[in-house]
Amino acid sequence: MSSTDSTQPAFPRSRTEWRKALDELPSTPDNIPSFFFGHGSPFLVFPESDVQGDSPVSRQMGPKGPLATFLRDFGPALLAKYKPKGIAVFSAHWETVGERVVTDYGDLNPVLMDYYGFQPALYQLQFRSRGDSALSKRIVELYKEAGHLARTTTKLEARGEDGRGFSGPGLDHGVFVPFKLMFGEVFMDVPVVQISIDGSLSPEKNWAIGTVVEQLRHEGILVLSGGLLVHNLRNMGSFAEESASTAVKQFDHAILDAVTIVDPGLRHKEMINLTQHPGFRAAHPRAEHFIPLYVAAGAGGEGKVKVVSAIYGSSTFAFGL
């Protein structure tokens, strides 16, 4: 089906529809799907009194927008359905080259406010969570068994600037902002461990990185990979469907086409080819926010895929059903 085909199947776009899609996910604690989710931005947790105007972007990405609303539904559904023993999360905001680095932060995960120019309130945000040394070491073990360089990092070591000019330990805003909406300000029941994506931004290399942690899904660990399907800070209008260009909207449709292909081999091929789509560069001047899609797909193996929400630019997919 063409990415411009107006007969594209209906996907869950409204709250009623995505709640139904969440409810339809299989309850399989010993085979938890991996998920790619739209992790949004600090706009999601803006104080509502500070949201100015009624632009398409603020309606889409703000604290009352569809993504914020979805994340508030998404987190509780995952906990109720899978009762995970731990969460392994990848984010567009942590890249390392040549090795996988895994957080091992102990009883309290620090947060890294890797953004600038926002209201003071956004530098007072709290998200309390804990790590798990056993889970961190298990992840490193899996990567080493697969022939990758891998190690843990403690809260005494800066994560590295990852291309964005920020340095320090902690879960980045691609984790703590959406998790705050998904799980609440205090989330100590289930440990959270973050893993770096591959800084080459190669779709194939990051797919392989996901493949390594597929085993975790059978050990009661929830694998989440966060980014955005549309992310162009040079053109803020691209973040909202009503103000995005035709090329970007066609690219967003093409993603839905590719991930819903039934045949695993063809799905892999078409997903890799998305970076050659004419709208890709208009949606992603740099590919880091798109690459987590491949990590999630790799972690899902050759199982079926479900579109959990089809919110423009920030859809959520379940892999490995």
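Okay, so helices (H or I, at least four residues) and strands (E, at least two) here are DSSP runs, numbered from the N terminus. This is a predicted model, where local features need pLDDT of at least 70, side-chain atom pairs count only at pLDDT 80 or more, and totals for chains, interfaces and linings use all residues. Residues are numbered from 1 along each chain as its sequence is written, and side-chain values use heavy atoms, with hydrogens and water left out.

Let's start with Glu 95, which sits in strand S2, residues 86-96. Buried or exposed? Glu 95 counts as buried because its relative accessibility is 10%, and buried means under 20% relative accessible area with a 1.4 Å probe, protein chains only. Its side chain also makes a polar contact with the side chain of Arg 286, at 2.8 Å. For a polar contact, we want a pair of N or O atoms within 3.5 Å; within protein, one must be able to donate a hydrogen and the other to accept it, and residues adjacent in sequence count only if both atoms are side-chain atoms.

Next up, helix H5, residues 173-183. How many of its residues are buried? Eleven of eleven, including Phe 176, Lys 180 and Met 182. Those buried residues pack against S2, among other elements, including helix H3 (66-82) and strand S7 (192-198).

Now look at the ends of H5. Asp 172 caps the N-terminal end, with a side-chain oxygen 2.8 Å from the backbone nitrogen of Gly 174. Just after the helix, Gly 184 takes a positive phi of about 95 degrees.

Note on methods
Buried < 20%, exposed > 50% of the residue type's maximum accessible area, 1.4 Å probe, protein only. Contact = heavy atoms within 4.5 Å.
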